[in-house]
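Here is a short briefing to read alongside the structure.

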Amino acid sequence: MDLRLYDPFINMTFSEHACFLCGTIVNDAEKITVFPGWLQKRYDLAGKNLMLLDQSTVSFGEMKIPCCPNCEKTVANSDEKVQAATEKGLAGFQELEEKALFLWLAKIFYGILVAELKSERAPLIKPEHSVGENPKMLQKFQSFFMLMQALRVPVEFDDFTPASIFIVPLKQESNEPEFNYRDDITTMMFSLQLDNVLIVANLLDNGFLRKALTPVWRKIEGQELYPIQAAEFAARVYYAAYLFNLVPDYFVRAQKPGDTQLIYDTLVDDITGSIFNPWENDVYATALEKFWMPWHITREQILQNPDFPLSFLLDENGWFRKLESWEIPA
Ligand SMILES: [Zn+2]
């Protein structure tokens, strides 16, 4: 069994003719879509556009990455597992092995990342804003890519979970299929709404966000959130990711002849600073305002009490707020 890892970031090779996952040379036709076919079909995405960081647009259907036949099979396996889980709705997601969900999310996130790196109007791999010039970003992408190799090479993550993944049940106002996604490349944040399930994930934090947000998560876990509450929760996770300082490193444990899998160990750089920068309500309010855009709630409204920003998730005592009706302060 071939246990060699591939790393396109060493030479920043994102050729149309190198398999995204293993680097094998492929022909023009050997491509897969970033968003799986079944997902596009279910939510009628193919013709819809998503916007990249440089404001250029690409349709979900056109967004493709080169992929060799072998990796196509392993990606298809990953897809099938998640597709089967989604058919059972929320329970399906909750039962799904976290590693399987992580790898599935990782492949989509990576596809978007590659599109960002190559986007025509302002490619991030051009010298003037190359990720190669930003050692911290490069280190993040390399660590992340090394984790994603677990899609094609059997890898055991020894004693760590690479990501924080929150599965949030949503109250849905209609029965129409509903799909949303959001990402933030620099903080490795990714969220997807599939009908009444919202997945909010940090794909490279070794579970630190989950730990940091445990006090909030404990109060809301299992509750069906209204969209305004789910947006607030997502804002908290995205803001916490922005405060997160560390970049985990991964190492392959020494192999013995006959090994059929790799074992990764992790090292989180020993702590010269703090794991998280301090939470500042006025910066958080700016993040929250963006997530609450559909409700037209302004920063000023959020910060009426600067020590206790407006929350539809928790009450003044820090307990889950069961929203029957609510008012946005004037
Ligand atoms: Zn391949």
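Helices here are DSSP runs of H or I with at least four residues, strands are runs of E with at least two, and both are numbered from the N terminus. By that numbering, Val283 lies in helix α9. Please keep in mind that this is a predicted model. The points below go from the whole chain to one sheet, then to the helices beside it.

**The chain as a whole**

- The chain folds into 10 helices and 11 strands.
- Its radius of gyration is 20 Å, close to the 20 Å that the globule rule gives for 330 residues, so the chain is as compact as a globular protein of that length.
- The C-alpha trace spans about 60 × 50 × 45 Å along its principal axes.
- Buried residues make up 33% of the 330 in the chain.
- If you take the contacts between residues at least 6 apart in sequence, 68% of them join residues at least 24 apart.

**A four-stranded sheet**

- An open sheet is built from 4 strands in the order β6-β9-β8-β7, with antiparallel pairing.
- β6 (164-169) and β7 (179-184) are the edge strands; each has a single partner strand, so one side of each has no neighbour in the sheet.
- From one strand to the next, the twist averages 10°.

**Strand pairs, one by one**

- β7 runs antiparallel to β8 (residues 189-194), and 6 bridges join the two. To find your place in this pair, look for Asn180, which stands opposite Gln193 in β8.
- β8 also pairs with β9 in the antiparallel sense, over 6 bridges. Here Met189 has Asn202 of β9 as its bridge partner.
- How many of the 6 residues of β9 are buried? The count is 5, which leaves β9 mostly covered.

- The crossing of α8 past α9 is right-handed. On the α8 side the contact is made by Ala231, Glu232, Ala234, Ala235, Tyr238 and Tyr239, and on the α9 side by Tyr284, Ala287, Leu288 and Phe291.

- How many other C-beta atoms lie within 10 Å for Val283? There are 14. A residue counts as buried at 20 or more and as exposed at 12 or fewer, so Val283 is partly exposed.
- Val283 and Arg299 are 16 residues apart along the chain, and their C-alpha atoms are separated by 9.7 Å.

Conventions:
Residues numbered from 1 in each chain as written. Predicted model: local features only at pLDDT ≥ 70, side-chain atom pairs only at ≥ 80, totals over all residues. Rg over C-alpha atoms; globule rule 2.2 N^0.38 Å. Contact = placed C-beta atoms within 7 Å. Pairing = 2+ DSSP bridges. Axes fitted to C-alpha atoms, helices over the stretch in contact; angles between N-to-C directions. Left-handed = near helix turned anticlockwise from the far one by under 90°.
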